[in-house]
Amino acid sequence: MNRISWLAVPTSEDAHEGVRKLWSKAEANLGFVPNVFQAQALNGEQFLAWWNYFNLLVNKPGHLSNMEREMMAVVVSGLNRCVYCAVSHGAALREYGMEARKADTVAVNWRHADLSMREAALCAFAERLTLHPAGMVETDLNPLRDAGLDDAQILEAVQVIGMFNMTNRISSALGFIPNPEYHGRAR
């Protein structure tokens, strides 16, 4: 049985109209519909609300580069052992220009990757916030500031890390399976 989620997945006939439009756009741009789009479509309005915020944080121009955002996504997803997000955002990290070997190393243990001071600061912060959210203190921001990040960039980093912690929990709790297309992208 080839399932992409432990819950029911709506067909295109059953899906919300806005979801169907998003599926068509993804098919046109990527050549496939990400399984996460299909697996979360059971509650169309909620999925579209999630997608709008996710898309704003991850895909639109922001205060951090796309590669930095994807790098944090991979670190968070690896720490949370979220297979769907680690695989799909590992592919995105490679597509945004990180060499495959380095991106794979970031996914397993970012400390072993050849990272810049800024990249390492973002990865360390993503790890701390993911593993110890209740222990965060103001001085946890100092390494980010020392690496040249301003307050708008720090806020965006926190938002991206928070989004991936939430999305990892949804994906893992419902058994989302990554599309096969992600494994070979940008290799």
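Helices are DSSP runs of H or I with at least four residues, strands are runs of E with at least two, and both are numbered from the N terminus. The model described here is predicted, so local features need pLDDT of at least 70 and side-chain atom pairs count only at pLDDT 80 or more, while totals for chains, interfaces and linings use all residues. Residues are numbered from 1 along each chain as its sequence is written, and side-chain values use heavy atoms, with hydrogens and water left out.

## The nonpolar core

A nonpolar core is a set of buried Ala, Val, Leu, Ile, Met, Phe, Trp, Tyr and Cys residues joined through side-chain atoms within 4.5 Å. Buried here means under 20% relative accessible area, exposed means over 50%, and partly exposed covers what lies in between, with a 1.4 Å probe and protein chains only. The largest such core has 54 residues, and those with the most contacts inside it are Phe37, Phe47, Met71, Met72 and Val106. The elements that give two or more residues to this core are H1 (17-30), H2 (35-39), H3 (44-58), H4 (66-79), H5 (83-95), H6 (100-109), H7 and H9. Of these, H3 gives the most to the core, with seven residues.

## Residues in and around helix H6

Val106 has its place in helix H6, and at 2% relative accessibility this residue counts as buried. Contact means heavy atoms within 4.5 Å, and, with residues up to four places away in sequence not counted, Val106 touches Met71, Val74, Val75, Met98, Ala113 and Leu115.

Met98, another partner of Val106, is found in the loop between H5 and H6, where it is buried with a relative accessible area of 4%. Leaving out residues up to four places away in sequence, Met98 touches Met67, Met71, Leu93, Ala103, Val106 and Glu119. Met98 and Met71 are 27 residues apart in sequence and 8.9 Å apart from C-alpha to C-alpha.

Ala107 also lies in helix H6, but this residue is partly exposed, with a relative accessible area of 30%. Not counting residues up to four places away in sequence, Ala107 touches Val74 and Gly78. The C-alpha atoms of Ala107 and Ala26, which are 81 residues apart along the chain, are separated by 25 Å.

## Two helix pairs

For the pairs that follow, axes are lines fitted to C-alpha atoms, for helices over the stretch in contact, and angles run from 0 to 180 degrees between N-to-C directions. Angles under 35 degrees count as roughly parallel, over 145 as roughly antiparallel, 65 to 115 as roughly perpendicular and the rest as oblique.

| Helix pair | Angle | Axis separation |
|---|---|---|
| H7 (117-131) and H9 (151-173) | about 50 degrees | 10 Å |
| H3 and H4 | roughly 120 degrees | within 9 Å |

H7 and H9 are therefore oblique to each other. Their contact is made by Arg118, Leu122, Phe125, Ala126, Leu129 and Thr130 of H7 and by Gln153, Ala157, Val158, Ile161 and Asn165 of H9. These residues divide into seven nonpolar, three polar and one charged, where Ala, Val, Leu, Ile, Met, Phe, Trp, Tyr, Cys and Pro count as nonpolar, Asp, Glu, Lys and Arg as charged, and the others, Gly among them, as polar.

H3 and H4 are likewise oblique to each other. Leu56, Leu57 and Val58 in H3 meet Asn66, Arg69 and Glu70 in H4, and by class this contact has three nonpolar, one polar and two charged residues.

Thr167 is found in helix H9 and, at 3% relative accessibility, counts as buried. Its contacts, again without residues up to four places away in sequence, are with Trp50, Phe54 and Cys85.

## Positive phi angles

Most residues other than glycine have a negative phi. Phi of Arg81, however, is near 55 degrees, a positive value in a residue other than glycine, and Arg81 is exposed, with a relative accessible area of 73%. Phi of Ala186 is near 55 degrees as well. Ala186 is found in the segment after helix H10 (181-184) and is partly exposed, with a relative accessible area of 39%.
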